[in-house]
Each structure stands twice: as structure tokens, then as C-alpha cells.
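Here is a short report on how the parts of this chain pack together. Please keep the sequence and the structure in view while reading.

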Amino acid sequence: GEVTPERLEILQTSDRIFRQLMEDANQTKRLSAFYCTLEPHGRDYTVSLHARAASDAGIARAARIPYDILENVMSQIHASCPKVARVVYELTPDLS
């Protein structure tokens, strides 16, 4: 979709929250990548959280993030970004 100031602000805020809470929980060292994506749904948005575990097989699998961390990320994104209707954790592997 189109990049708008509103969408950029929501994505940057969500990503900042995700990164901070992952660092606070000492989860980042075991990951090859972690980031957020944003998808519009009418007047609301869905934020997808992505965290990939390092792999020797060329497949970046979703990392096993403790539920309490994901719940905390979701709560803080909802509190900071009222237009975010859903926060989801992406489990689909990235094939290299």
C-alpha cells in the first residue's frame, strides 16, 4: 500500500516497541532478524511481528518467543497506536 505519514508513524512506533521489549527480554542474540510489517484493513491496521531464528539449513524459521513477551508487545502497541486493531505473530518460514 501507499506510504503515508500515519502508516509510517504506526510502523515505526510498533517496531520500536517490539525491538525494545525483545532487547529487554534478552531475546535478540539468538535471532537472525526481527521486525514489524503493517497491513491496512479499512480504517484500521494489522501489525505483524516477525522474529527469525538463525538456521544452517537456509530456512529462516519463526523463533519461539515466550507468550508473555508477545502479549506485552501487543499490549504496548495497542496502547500506543489506537488505529491498530490486531497484532499477530508471523509463523510462516522464509525460504532462502
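## The aromatic pair

This is a predicted model. A search of the whole structure turns up 1 aromatic pair. The partners are Phe-18 and Phe-34, with ring centres 5.9 Å apart and planes at 85°. Planes over 60 degrees apart count as edge-to-face, so the pair of Phe-18 and Phe-34 is edge-to-face.

Phe-18 belongs to helix 1 and Phe-34 to strand 1, so the pair ties together parts that are 16 residues apart in sequence. Are these two residues buried or exposed? Phe-18 is buried, at a relative accessible area of 0%. Phe-34 is buried too, at 10%.

## The nonpolar core

In soluble globular proteins, nonpolar side chains tend to be buried together. Here, the largest nonpolar core has 23 residues. Phe-18 is among those with the most contacts inside this core, along with Leu-49, Ala-51, Ile-65, Ile-77 and Tyr-89. At least two core residues come from each of helix 1 (5-24), strand 1 (31-41), strand 2, helix 2 (67-80) and strand 4 (84-89). Helix 1 gives the largest share, 5 residues.

Ile-65 shows some of this packing. Setting aside neighbours within four places in sequence, Ile-65 is in contact with Met-22, Gln-27, Arg-30, Ala-51, Leu-70 and Tyr-89.

## Helix 2

Helix 2 has 14 residues. From first C-alpha to last, helix 2 reaches 20 Å, close to the 20 Å expected at 1.5 Å a residue. Which residues of helix 2 are buried? They are Ile-69, Leu-70, Val-73 and Ile-77. These residues cover an arc of only 100° around the axis, which puts them on the same side of helix 2. They pack against helix 1, strand 2 and strand 4.

The face turned away from the buried side carries the exposed residues Tyr-67, Asp-68 and Ala-79. Asn-72 is also found in helix 2. Asn-72 and Asp-44 are 28 residues apart in sequence. Their C-alpha atoms are 20 Å apart in space.

Strand 2 (residues 44-53) contains Thr-46. His-50 lies in strand 2 as well. Thr-46 has a relative accessibility of 4% and so counts as buried. His-50 has a relative accessible area of 9%, so His-50 is buried.

Which side chain does Thr-46 meet in a polar contact? The partner is the side chain of His-41, at 3.3 Å. His-50 makes a polar contact of its own, side chain to side chain with Thr-37, at 3.0 Å.

Thr-37 also touches Thr-46. For His-50, leaving aside neighbours within four places, the contacts include Phe-18 and Phe-34, the two members of the aromatic pair. His-50 is also in contact with Ala-33, Tyr-35, Cys-36, Thr-37, Tyr-89 and Glu-90.

Technical notes:
Residues are numbered from 1 along each chain as its sequence is written. This is a predicted model: local features need pLDDT of at least 70, side-chain atom pairs count only at pLDDT 80 or more; totals for chains, interfaces and linings use all residues. Side-chain values use heavy atoms; hydrogens and water are left out. Helices (H or I, at least four residues) and strands (E, at least two) are DSSP runs, numbered from the N terminus. Buried means under 20% relative accessible area, exposed over 50%, partly exposed in between (1.4 Å probe, protein chains only). A polar contact is a pair of N or O atoms within 3.5 Å; within protein, one must be able to donate a hydrogen and the other to accept it, and residues adjacent in sequence count only if both atoms are side-chain atoms. Contact means heavy atoms within 4.5 Å. A nonpolar core is a set of buried Ala, Val, Leu, Ile, Met, Phe, Trp, Tyr and Cys residues joined through side-chain atoms within 4.5 Å. The expected span of a helix is 1.5 Å times one less than its number of residues. The arc is that of the directions from the helix axis to the C-beta atoms. Rings of Phe, Tyr and Trp (its six-membered ring) pair if their centres lie within 6.5 Å; planes under 30 degrees apart count as stacked, over 60 as edge-to-face and the rest as tilted.
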